[in-house]
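My notebook is open, and I am going through this model one look-up at a time. Here is what I wrote down, in the order I checked things.

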Amino acid sequence: QERLVESGGGLVQPGGSLTLSCTTSGFTPDWDAIGWFRQVAGKEREEVSCINADGVSRYYSDSAKGRFTISRDKDKNLVHLEMNNLKPEDTAVYYCASPCSSWYPWDASEVDYWGRGTQVTVSS
């Protein structure tokens with residue numbers, strides 16, 4: 001059975017860094033793209049980033065470009081999201097998700113599997 005478990009959230013000051021990790025199980029590592037979405041209370045869930053099965057192709061939202069890096073360790077079934085220069089507007093619950101596209105934006109309604117989320121708070 002497919003399962004996604006996030007870790008690594010927390011409280012960080014503006015300009016700081018956090019790395020989120022997603023442990024995957026039950027997926028086919030050679031075929032499945034894994035991504036990160038985030039949601040602020042009262043707003044729609046939005047895609048942040050996605051990485052394809054071989055870890056070569058990556059998608060980033062405009063807000064993530066230049067600050068966030070997604071990576072994948074297929075041997076350990078891990079997907080990481082390194083977030084740098086964090087801003088208060090990055091505050092949200094971050095979810096690991098599949099499938100997604102590493103080539104174009106993916107709508108949350110098209111995601112089949114979600115993790116339970118991890119809170120990221122950027123505040124001084």
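Entry 1: I started with D90 and R38, and I found both of them buried, where buried means under 20% relative accessible area, exposed means over 50% and partly exposed lies in between (1.4 Å probe, protein chains only). I noted 8% relative accessibility for R38. The side chains of D90 and R38 form a salt bridge, at 2.9 Å from N to O. D90 sits in the loop between β8 (78-83) and β9 (92-98) while R38 is in strand β4 (residues 34-39), so this pair ties together parts that are 52 residues apart in sequence. For the record, I count a salt bridge when a side-chain nitrogen of Lys or Arg is within 4 Å of a carboxyl oxygen of Asp or Glu.

Before going on, I wrote down the ground rules. The model is predicted, with local features needing pLDDT of at least 70 and side-chain atom pairs counting only at pLDDT 80 or more, while totals for chains, interfaces and linings use all residues. Residues are numbered from 1 along each chain as its sequence is written, and side-chain values use heavy atoms, with hydrogens and water left out.

Next I followed D90 to R67, where the closest N and O atoms of the salt bridge are 2.7 Å apart. R67 lies in the loop between β6 (58-60) and β7 (68-73) and D90 in the loop between β8 and β9, so here the parts tied together are 23 residues apart in sequence. Both D90 and R67 are buried. Through shared partners, salt bridges join R38, E46, R67 and D90 into one network. The R38 to E46 link in it is 2.7 Å, N to O, and E46 is partly exposed at 37% relative accessible area. My salt-bridge count came to four.

**Entry 2: strand pairing.** I took helices (H or I, at least four residues) and strands (E, at least two) as DSSP runs, numbered from the N terminus. I call two strands paired if DSSP finds at least two bridges between them. Strand β1 (residues 3-7) and β3 run antiparallel, joined by five bridges, and V5 stands opposite T23 in β3. β3 is also antiparallel to β8, with six bridges, and there S21 faces H80 in β8.

**Entry 3: the core.** Which residues of the largest nonpolar core touch the most other members? They are W36, F68, L81, M83 and Y94, out of 23 residues. β3, β4, β5 (46-51), β7, β8, β9 and β11 (118-122) each supply at least two residues of this core. My rule for a nonpolar core was buried Ala, Val, Leu, Ile, Met, Phe, Trp, Tyr and Cys residues joined through side-chain atoms within 4.5 Å. I then looked up L81, whose contacts beyond four places in sequence include L20, W36, F68 and Y94; contact means heavy atoms within 4.5 Å.

**Entry 4: S98.** I found S98 in strand β9, buried at 2% relative accessibility. A polar atom of the S98 side chain lies 2.8 Å from the backbone oxygen of A33. Among the contacts of S98 beyond four places in sequence are L4, F27, V111 and Y113.

**Entry 5: G15.** Last, I checked G15, in the loop between β2 (10-12) and β3 (18-25). G15 is partly exposed, at 43%. Not counting residues up to four places away in sequence, G15 touches N85 and L86.

How values were computed
A polar contact is a pair of N or O atoms within 3.5 Å; within protein, one must be able to donate a hydrogen and the other to accept it, and residues adjacent in sequence count only if both atoms are side-chain atoms.
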